[in-house]
Amino acid sequence: MAESCGNPSSEQDALMLRRSKFDKSNICIKCKVNPGNVVIRHAVIASAECFFPLVSSKFRRALVPAINPGPIPDTPRKKKGSLKAAGNLCIGFSGGLGSSVLLDLVTESYFPSENGNTKGGSDHPRHHEKVWDHGTVCYVEICSALPGTRDRTEEVRALVSEYRHFEFLPLRIEDAFDEAWWAKVGGRGLESNMTVDLADEDLILSQSTTSDNSVAALHSYISSLPTQTAVPSAIQTLIRLLLLHTARSTGSSHLLLGTSLTSLSVSLISSISQGGGFVVREEAQEEWQPTVESKRTVRVNRPLRDIGMKECAMWAWWKGVHIPGKENYLGGKQGIGALTKNFIVGLERDYPSTVSTIARTCGKLAPKDSSDSSCILCGRPAQPGKPDLASPPPHLQNMTPQIPPVAPASQSSLTPRLCYACHTTLTSRSSRGSTASGNHINSTPLPVWVVSELDGVGHRKMGEKEMKESISEYLLE
Amino acid sequence: MPPRTCALCSTNRAMLKRPKTGQQICRECFFYVFETELFKPGDRVAIGASGGKDSTVLAYVMKTLNERYNYGLELFLLSIDEGITGYRDDSLETVKRNQQQYSMPLKILSYDELYGWTMDAIVSQVGRKNNCTFCGVFRRQALDRGASMLGVDHIVTGHNADDIAETVLMNIMRGDIARLGRCTSICTQGEDTIKRSKPFKYAYEKEIVMYAYFKKLDYFSTECIYSPDAYRGHARVFLKDLEAARPSAIIDIIHSGEAFEIREEVKATQKVQQTCKRCGYMSSNDLCKACTLLEGLERGMAQAGITDRGRKKLESEGPAPENLRTIPFYQPPSAGNAAILLEAP
C-alpha cells in the first residue's frame with residue numbers, strides 16, 4: 001500500500017492499492033499453456049520455449065532492415081532475400097550486460113554455429129553466405145580517465161576469444177589524443193597542435209608549442225572541463241568517436257552497440273536534458289560520415305533497442321553469458337547520465353510501460369531544420385543558424401552561460417563549429433561556478449579529429465557582408 | 001519587373017521576405033511586426049491568475065511594463081475557481097487583494113457555474129486517482145471561456161521555464177506527441193481559440209520566487225490538496241536534481257523541445273481539429289474531452305472519459321439522455337462578448 005497525500009486514518013481513499021505485478025494470470029501470454037517464469041512489463045512470459053525466440057525475433061526485427069545498404073524502411077522487412085552488408089561488422093563492446101548479450105545474439109544469429117547448430121530452417125541467415133565478411137569487437141578501456149579504476153582489457157580479450165569469428169581490437173580512451181592512433185585509422189596528418197581556452201566562454205583557439213603525451217593530454221582535457229556533469233558527457237563522446245573512426249578504418253559498414261531499451265531511454269532523456277534535442281534521432285540510429293568528401297558511411301545500430309534491461313539479464317542468466325563488467329563513468333549524483341539512469345530505472349519498476357513509451361515517442365520526432373554541417377567534436381548534425389540565434393534571449397545568457405558573444409576578429413573561436421550540446425558541455429557552469437581544476441585550462445588539448453579538422457582553417461568574426469549572405473534568400477534586393 | 005509593395009502597408013517597397021510567414025514586407029513593417037509580435041497597443045489581455053507566485057509576479061510585471069513603456073494594453077485578471085475547499089477559496093482571496101493592489105478588473109469563473117460540478121464533488125465521485133485529469137481539462141476550457149466572456153484578444157499564463165521543461169519530459173514519458181510538438185511554443189493560437197502566451201517561458205522558478213520576495217509581492221503558496229500525481233512528482237524531483245547538477249539543464253531541455261518536431265508521417269496520422277458537436281469548443285473527436293468527462297460524471301460513470309474500458313461501458317449504456325446537463329455553447333472570442341459582471345474591487 002502506498003500513501004498518497006491524504007491522512008489514511010481518516011480518509012479511506014488516501015491509501016492507494018499497489019498494482020499487481022502482472023495483468024491477468026501467471027500463464028505465459030505467448031504459448032498460453034506453460035506457467036510463466038518472468039514478468040515483462042505487465043505480462044508473463046514462459047521460460048526457454050517462449051523467451052528465447054521472443055528476444056531473438058525482437059533483435060532481428062531491429063537489425064535486419066538496416067543490414068543491406070540503402071535507406072532503412074520504416075516498416076519491418078517482409079521480402080525474403082539475401083542479407084548482405086556493404087562492409088564488415090564492428091561491435092562496440094563495453095563489458096556491460098547489453099554488449100555481452102549483443103555479442104552472443106549476433107554470433108548465434110549471423111555466424112556459423114560452433115556446435116553444428118542447424119536450427120532455424122534453411123532460410124536462416126546462419127546457413128547462407130555470411131552477412132558480414134569480417135567481424136571486429138572493439139573495446140575502449142577508460143581507466144586512464146577515471147582514477148582508481150582498473151584495466152579490464154585482458155578480461156575482455158579472454159571473453160572475446162571465446163567467439164572465434166571475431167577479431168579483438170582494444171583501444172584506450174587516451175587514443176583520442178594520440179597522433180599515432182589517428183594515423184593508424186587513416187586520419188589526416190596533424191600539422192599543428194591546437195588548444196582551446198576553456199576558461200574563456202568564447203572558447204578561443206590557439207597554437208600550442210608543446211605537446212603532451214596522450215595520457216597527459218586526456219587528463220588536461222578532463223580536468224579543464226567546467227563542471228562535473230561535463231566529464232561523463234565528454235568521456236561518452238570520446239568513446240563514441242573512437243569507435244566510429246575504428247569502425248571506418250576496419251571497413252565496417254555497421255557499428256553495433258548493445259544499448260538495451262532501458263539504456264536507450266536513458267540516453268534519450270539524458271541527451272534531451274543536455275540540449276541534444278536536434279539529434280534525438282541519432283541517439284537511436286545514425287549514419288555517420290566522417291567528412292563530407294567521404295562517401296563511405298558507418299551505420300550505427302542498436303539491435304537491442306526493443307529489449308529491456310531485464311530481458312537482457314534473463315538472456316545472460318539462462319544462457320550463461322559471461323559479463324566482464326564495466327566501470328561506471330556516469331558520474332554519481334553529479335552526472336546527468338547517472339541521475340537519468342536512476343530516474344528511468346526507478347520508473348521502469350513502478351511504471352513498466354514508460355521506458356518503451358519514451359523510446360517510441362522519441363522515434364516519432366525529427367529535427368525542425370535540415371542540417372548541412374556537423375559538430376566538430378561529436379560529429380553529429382549541428383543545428384543550422386548561428387548559435388546566438390538558437391540561444392535564449394540575451395537577458396538569460398548571463399544567468400545560464402549558453403552561447404557567448406563571438407570572439408574578437410583577431411582570434412579564432414571553437415564556438416561556431418560546435419553543436420549546442422557540446423558547447424554547453426564545454427561552457428556550462430555549476431551553481432558554484434567552474435569546477436575545473438587543471439593547470440591547462442587556458443590551453444586545453446583537443447581530440448585529434450578536432451585538431452585535424454581545424455588544421456589550416458581560419459576562424460574569424462562574421463562580417464556584415466557574410467551576415468547579409470546568410471539571410472540573402474530572404475532579401476529582395 | 002516593377003518593385004513589389006509591402007504586403008502589410010501596401011505603400012513602401014518590399015525589402016524582405018519574412019522567414020516566418022513568407023510575406024514580402026518593407027523594413028519599417030518588419031520592425032513593427034517584430035516589435036509587436038506578442039502584443040500590440042490596445043490589446044485586451046487576460047492574465048490567468050491563481051494567486052500563486054507565478055501569476056502574481058506575471059500580473060505585477062505586466063502592469064509595470066505596460067505603464068513604463070506605454071504598451072497601451074488593457075489588462076484583466078482571470079481566475080478559475082475549481083471549487084476546492086481549503087485551497088482555492090484561500091488563494092482567490094489573494095487574487096482579490098491583487099485586484100485592488102494592481103487596480104485591474106477581475107473575473108472569477110467557477111467550475112460549478114460552468115460545468116455544474118466543483119472539484120470537491122468530482123473527487124467525492126472519482127476519488128483521488130485521476131482527479132487531475134478532470135481539473136486540467138476543465139481548467140483549460142474554463143480559461144478560454146472566461147477570456148471569451150471578457151472579450152480579450154490574448155491570455156497570458158505564468159508558466160515558467162521549470163514548468164515548460166517538466167512538460168517536455170512529461171509529454172515524452174506519456175507519449176503525448178501532439179502536446180510535445182507545441183508545448184515549447186511561447187505563443188499558441190488555433191483557428192477558434194484565443195491566443196495564449198507564456199511570457200515566463202525562459203524565467204527560472206527560483207528567479208520568480210526571488211522577484212516576488214524582493215518586491216514583497218502578496219502571493220499564496222500551498223500545493224493543491226488533491227494532487228497526488230505521483231508520476232508528475234517523479235518528473236519534478238528529477239528535474240530539480242538535474243538543475244542542482246547543472247543549472248542550465250532546464251533551459252537545455254527547453255532548447256531540445258524547440259529543436260525537434262513531430263515527423264511528417266506521424267503528423268499525417270493525427271486527428272484533424274474540429275469543434276465539439278455538443279458545446280462548440282475545439283475538439284479532435286465528435287465530443288470534446290470536457291463534454292466526455294462531464295457526461296461520465298453526470299451518468300455516474302466517471303471512468304468513461306479516462307479509460308477505453310470506461311468509454312465502451314458508457315457507449316453500451318446507450319445514447320446520452322435528453323436532459324443531460326451540458327456545458328453552455330462556446331462563443332468564439334469577440335469584443336462584443338465583454339458585457340459581463342466583474343468582481344467588485
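**Strand pairing and the chain contact**

Guide: Strand E6 (residues 135-141) of chain A runs parallel to E7(A), to which 7 bridges join it. The model is predicted: local features require pLDDT of at least 70 and side-chain atom pairs count only at pLDDT 80 or more, whereas totals for chains, interfaces and linings use all residues. Residues are numbered from 1 along each chain as its sequence is written, chains are lettered from A and ligands numbered from 1 in the order in which they are written, and side-chain values use heavy atoms, with hydrogens and water left out.

Within this pairing, Val140(A) has Leu171(A) of E7(A) as its bridge partner. Strands (E, at least two residues) and helices (H or I, at least four) are DSSP runs numbered from the N terminus, and two strands pair if DSSP finds at least two bridges between them. E6 and E7 belong to an open sheet of 6 strands in chain A, ordered E7-E6-E5-E10-E12-E11, with mixed pairing. Its edges are strand E7 (166-172) and strand E11 (286-288), each of which pairs on one side only. On average, neighbouring strands of the sheet are turned by 25° against each other, direction ignored.

Helix H2 (residues 97-110) of chain A lies across strand E5 (88-93), E6, E7 and strand E10 (252-257), and runs at about 155° to E5(A). Axes here are lines fitted to C-alpha atoms, for helices over the stretch in contact (heavy atoms within 4.5 Å), and angles run from 0 to 180 degrees between N-to-C directions.

Another pairing links the two chains: 3 bridges join strand E13 (residues 365-367) of chain A to E9(B), and the two run antiparallel. Here Phe260(B) in E9(B) is the bridge partner of Pro367(A).

The contact as a whole takes 59 residues from chain A and 49 residues from chain B. The area buried between the chains is about 4,800 Å², with carbon and sulfur atoms giving 64%; this is the accessible area (1.4 Å probe) that two parts lose on being put together, summed over both. In chain B, the residues losing the most area to chain A are Arg128(B), Arg246(B) and His255(B), together 15% of what that side buries.

Across this interface the rule finds 0 salt bridges, each defined as a side-chain nitrogen of Lys or Arg within 4 Å of a carboxyl oxygen of Asp or Glu.
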